[in-house]
Amino acid sequence: MKDRSETGGISRRTILIAAAGAAPALALMTNAAEAKIAQAAVKYQADPKDGKQCDACNFFVAPNACKQVDGDIAPTGWCLLWVKKPA
Ligand code: SF4
């Protein structure tokens with residue numbers, strides 16, 4: 001007798017194996033998406049540089065975070081990744 005789940009050409013076993021294999025990959029992708037760069041790696045400083053500061057950067061998240069750099073980020077800070085926020 002043929003399993004009803006195999007009538008479409010894909011067995012239940014195939015689906016379960018695929019799902020089990022995808023879970024760790026999805027977990028890695030999620031972790032990679034959440035990983036941020038260490039402040040020291042991008043020479044973050046709490047003071048502006050050459051008139052550029054975090055609250056004018058495209059990556060700044062008010063009140064004190066950044067989409068790219070880890071930890072507390074001062075609105076008056078600066079790092080090598082600074083990119084002007086679109087007007
Ligand atoms: S200058 Fe650097 S730390 Fe500041 S918001 Fe931009 S990317 Fe983040």
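How many nonpolar, polar and charged residues does the shell around the ligand have? By class, that shell has 10 nonpolar, no polar and no charged residues; Ala, Val, Leu, Ile, Met, Phe, Trp, Tyr, Cys and Pro count as nonpolar, Asp, Glu, Lys and Arg as charged, and the others, Gly among them, as polar. Do keep in mind that this is a predicted model, where local features need pLDDT of at least 70, side-chain atom pairs count only at pLDDT 80 or more, and totals for chains, interfaces and linings use all residues. Residues are numbered from 1 along each chain as its sequence is written, and side-chain values use heavy atoms, leaving out hydrogens and water.

**Around the ligand**
- Tyr-44, Cys-54, Cys-57, Phe-59, Phe-60, Cys-66, Val-69, Cys-79, Leu-81 and Trp-82 surround the ligand (a heavy atom within 4 Å of it).

**Trp-82**
- Trp-82 is partly exposed, with a relative accessible area of 21% (buried means under 20%, exposed over 50%, partly exposed in between, with a 1.4 Å probe and protein chains only).
- Leaving out residues up to four places away in sequence, Trp-82 touches Lys-52, Gln-53, Cys-54, Ala-56 and Cys-57 (heavy atoms within 4.5 Å).
- Lys-52 is 30 residues from Trp-82 along the chain, yet their C-alpha atoms are separated by 7.7 Å.

**Core and chain**
- The largest nonpolar core has eight residues: Val-42, Tyr-44, Cys-54, Phe-60, Cys-66, Val-69, Ile-73 and Cys-79 (buried Ala, Val, Leu, Ile, Met, Phe, Trp, Tyr and Cys residues joined through side-chain atoms within 4.5 Å).
- Buried residues make up 14% of the 87 residues in the chain.
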